Every structure is written in structure tokens, then in C-alpha cells.
Amino acid sequence: MTKYSLAQLTALRASPPELVRIAAAAGYDYVGLRLLEVTGGDAWPLATDPQLLRETRAAMQQTGVGVLDVELVRLTPDFDVAALRSTFEVAAELGVRHILSQAHDPDWGRLVHNFGTLCDVLGAYSLTADVEFLTWTRMRGVEDVVELLRAANRGNAGLVVDTLHFYRSDCRLEDLRDLPPEWFHFIQISDAPAAGPDSVEGLIFAAREDRLEPGAGGLDLLGLLLELPSDIDIAIEIPNSRLAAETSDEERAARALQATRALVEKARSARIAGSR
């Protein structure tokens with residue numbers, strides 16, 4: 001059965017215990033936590049703040065909401081897995097299942113080696129290493145991640161499809177067919193206009209501050225869901241600075257979950273109809 005996670009980027013200013021409570025009120029099963037910086041000062045220091053960790057653990061116990069994934073491990077030329085161990089330990093303590101990563105290294109041999117090392121370290125904590133592709137980077141599509149996963153050849157490696165990046169990178173639904181289902185641990189879902197920005201700056205702004213809830217844009221989200229495992233976990237990632245100024249995180253989270261559930265039900269009905 002599909003389970004739903006409230007991604008940190010949807011409510012980036014909410015602390016981990018606050019995000020857990022927002023998710024619980026809206027009916028989510030999980031949250032995703034940003035414990036490693038993407039842009040300056042946007043991560044929560046659970047690995048170094050015992051009080052915040054206690055508050056997060058207490059919120060999880062009180063609500064029953066778990067943590068699906070932790071972000072973000074960046075595979076850069078100076079990648080140092082030892083520096084990340086404290087974060088992985090906290091993630092394991094909280095029952096996290098997946099660590100989100102991105103590839104930012106032009107040296108292919110080094111990238112494969114470092115990703116393999118990351119997988120091996122995470123395996124000791126029963127965590128998976130899941131690679132997200134980005135439209136404005138060298139690893140910009142499904143085929144690029146597939147090449148990395150096959151080269152690393154680790155059993156706990158995965159491919160994360162972010163629906164916005166999938167369509168902005170001109171990926172095809174056919175790219176997902178015949179891939180091992182065990183590679184797909186969760187997806188990140190959002191909607192957007194069918195035609196995207198024509199500049200890198202515009203693409204980045206849209207990804208970080210102008211996403212829409214499922215059904216409010218023009219992306220073929222139904223077609224994408226039908227190519228993925230029917231029970232895949234779904235992280236709802238809809239940062240929108242304009243809507244955030246007008247509505248509460250609680251309201252946006254609840255509305256997005258309702259829209260996503262409706263989409264998943266459409267996919268379920270389509271699968272049933274197709275099997276007749």
C-alpha cells in the first residue's frame with residue numbers, strides 16, 4: 001500500500017518536530033528531513049543538537065509519523081563519507097530508510113568509487129543510497145543514474161524520480177520500463193506547467209520555490225505513476241514561496257496530500273481497467 005511523506009522542502013522552515021506534527025495533522029505516514037545543507041543554513045542539526053533530537057523523537061513517538069528519508073548527500077570531488085557518519089547514525093536511530101544523494105563530480109571513476117563507498121557505509125546502518133537526477137547538472141536524467149547504479153553494482157542503491165526534474169530533463173516514460181523494481185524506493189511528486197523555464201536560473205527557482213500540487217499543472221503525473229511500482233512510497237515536495245506567504249504549512253500539506261491520494265486512486269483504477 002502506498003504511503004506518503006511530507007518532504008522537508010515543502011515546509012523548509014519547520015523544524016523536525018514541527019514538521020512531524022504538521023505531517024501527523026494532515027494524515028501523512030512519514031516526513032523527509034534535511035539534515036545536510038543544500039544551500040547555506042537550510043539544514044537541521046540533529047546530529048549535534050541533543051535537545052532537538054529528543055524533541056524530534058518525542059514527536060515521532062506521540063504521532064506515529066516516521067522518517068522516510070534524509071537529505072542531502074552531495075557526491076562532489078571532495079566527498080568525505082567519514083564526515084557524514086554522525087548524520088547516518090542519527091538517521092538509523094530514528095528508523096530512517098533512505099538517504100537521498102546527488103552526483104556533482106565530473107570524474108566518472110571517482111564518482112563510481114565514492115558512490116559505492118557511500119552504499120557500503122549506509123548498508124551497515126540498513127539504509128539505502130538513492131540518487132536523484134537534476135536538470136541543470138551532468139547527471140540530468142534517468143539514463144545517467146542507471147549508468148551509475150549499474151557501475152557501482154550495490155544492492156542498496158536506488159533511483160529517485162522527482163517528477164518535476166523528470167519532465168524538465170525531457171525523460172521519457174519508456175526510460176523507466178524494464179528497470180529493476182527494487183531500484184525504486186520512493187519518488188518525489190509535484191506538478192508544474194507543461195512548458196518549463198528556458199534558463200538554468202529559472203529551472204532552479206521553479207524547483208525550489210514554485211512547484212504546484214498534483215493536478216494543478218500540466219505534467220503527466222498519471223502516466224509516470226503507471227510506469228512505477230504500484231506501492232511505491234511518495235514524498236510530496238511542493239515548495240512554493242508565493243503560496244507559503246498566503247497559507248499555512250498545515251493547509252498546504254493537507255491539500256497536497258488530498259490531491260496526491262486522488263491521483264494515486266486514478267492510477268489504481270487505470271491498472272484495474274488495464275488488467276481486464
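Modeller: Let us begin with Val 131, which counts as buried because its relative accessibility is 0%, and buried means under 20%. Please keep in mind that this is a predicted model.

Colleague: Where is Val 131 placed, and which residues does Val 131 touch beyond four places away in sequence?

Modeller: Val 131 belongs to strand β5, residues 128-132. Leaving out residues up to four places away in sequence, Val 131 touches Ser 101, Phe 115, Met 139, Val 145, Leu 148, Leu 149, Gly 158, Leu 159 and Val 160. Val 73 is 58 residues from Val 131 in sequence, with 9.3 Å between the two C-alpha atoms.

Colleague: Why is Gly 123 called partly exposed?

Modeller: Gly 123 has a relative accessibility of 37%. Gly 123 lies in helix α4, residues 108-123. The C-alpha atoms of Gly 123 and Gly 155 are 8.8 Å apart, and 32 residues separate the two in sequence.

Colleague: What makes α4 and α5 roughly perpendicular?

Modeller: Their axes cross at roughly 65 degrees and come within 9 Å. Angles of 65 to 115 degrees count as roughly perpendicular, and α4 and α5 are therefore described in that way. The crossing is right-handed. On the α4 side, the contact is made by Trp 108, Leu 111, Val 112, Phe 115 and Gly 116, and on the α5 side by Glu 147, Leu 148, Leu 149, Ala 151 and Ala 152. By class, these residues are eight nonpolar, one polar and one charged.

Colleague: Which residues of α1 are buried, and what covers them?

Modeller: The buried residues of α1 are Pro 16, Pro 17, Leu 19, Val 20, Ile 22, Ala 23 and Ala 26. Their cover includes β1 (4-6), β2, α2 and α10 (249-274). Just after α1 comes Gly 27, with a positive phi of about 105 degrees.

Colleague: How do you know that Asp 42 is buried?

Modeller: The relative accessible area of Asp 42 is 8%. Buried means under 20%, so Asp 42 is buried. Asp 42 lies in the loop between β2 (30-34) and α2 (50-63). A polar atom of the Asp 42 side chain is 3.0 Å from the backbone nitrogen of Val 38. Apart from neighbours within four places in sequence, Asp 42 is in contact with Leu 12, Arg 34 and Glu 37.

Colleague: Why does Thr 137 count as buried, and which backbone oxygens does the side chain of Thr 137 reach?

Modeller: Thr 137 has a relative accessible area of 16%, and the limit for buried is under 20%, so Thr 137 is buried. Thr 137 is in the loop between β5 and α5 (142-152). The side chain of Thr 137 reaches the backbone oxygen of Leu 134 at 3.0 Å and that of Met 139 at 3.1 Å.

Colleague: What makes Ser 126 and Asn 153 exposed?

Modeller: Ser 126 has a relative accessible area of 65%, and Asn 153 has one of 63%. Exposed means over 50%, so Ser 126 is exposed, and so is Asn 153. Ser 126 lies in the loop between α4 and β5, whereas Asn 153 lies in the loop between α5 and β6 (157-162).

Colleague: Why are backbone angles worth noting in this model?

Modeller: Most residues other than glycine have a negative phi, and most peptide bonds are trans. Ser 126, although not a glycine, has a positive phi of about 60 degrees. Asn 153, also not a glycine, has a positive phi of about 55 degrees. The peptide bond from Glu 71 to Leu 72 is cis, with omega near 0 degrees, and Leu 72 is in strand β3, residues 66-75.

How values were computed:
Residues numbered from 1 in each chain as written. Predicted model: local features only at pLDDT ≥ 70, side-chain atom pairs only at ≥ 80, totals over all residues. Heavy atoms only, no water. Helix = DSSP H or I, 4+ residues; strand = E, 2+ residues; numbered from the N terminus. Buried < 20%, exposed > 50% of the residue type's maximum accessible area, 1.4 Å probe, protein only. Polar contact = N/O pair within 3.5 Å; in protein donor to acceptor, adjacent residues only side chain to side chain. Contact = heavy atoms within 4.5 Å. Axes fitted to C-alpha atoms, helices over the stretch in contact; angles between N-to-C directions. Parallel < 35°, antiparallel > 145°, perpendicular 65-115°, else oblique. Left-handed = near helix turned anticlockwise from the far one by under 90°. Nonpolar A, V, L, I, M, F, W, Y, C, P; charged D, E, K, R; others polar.
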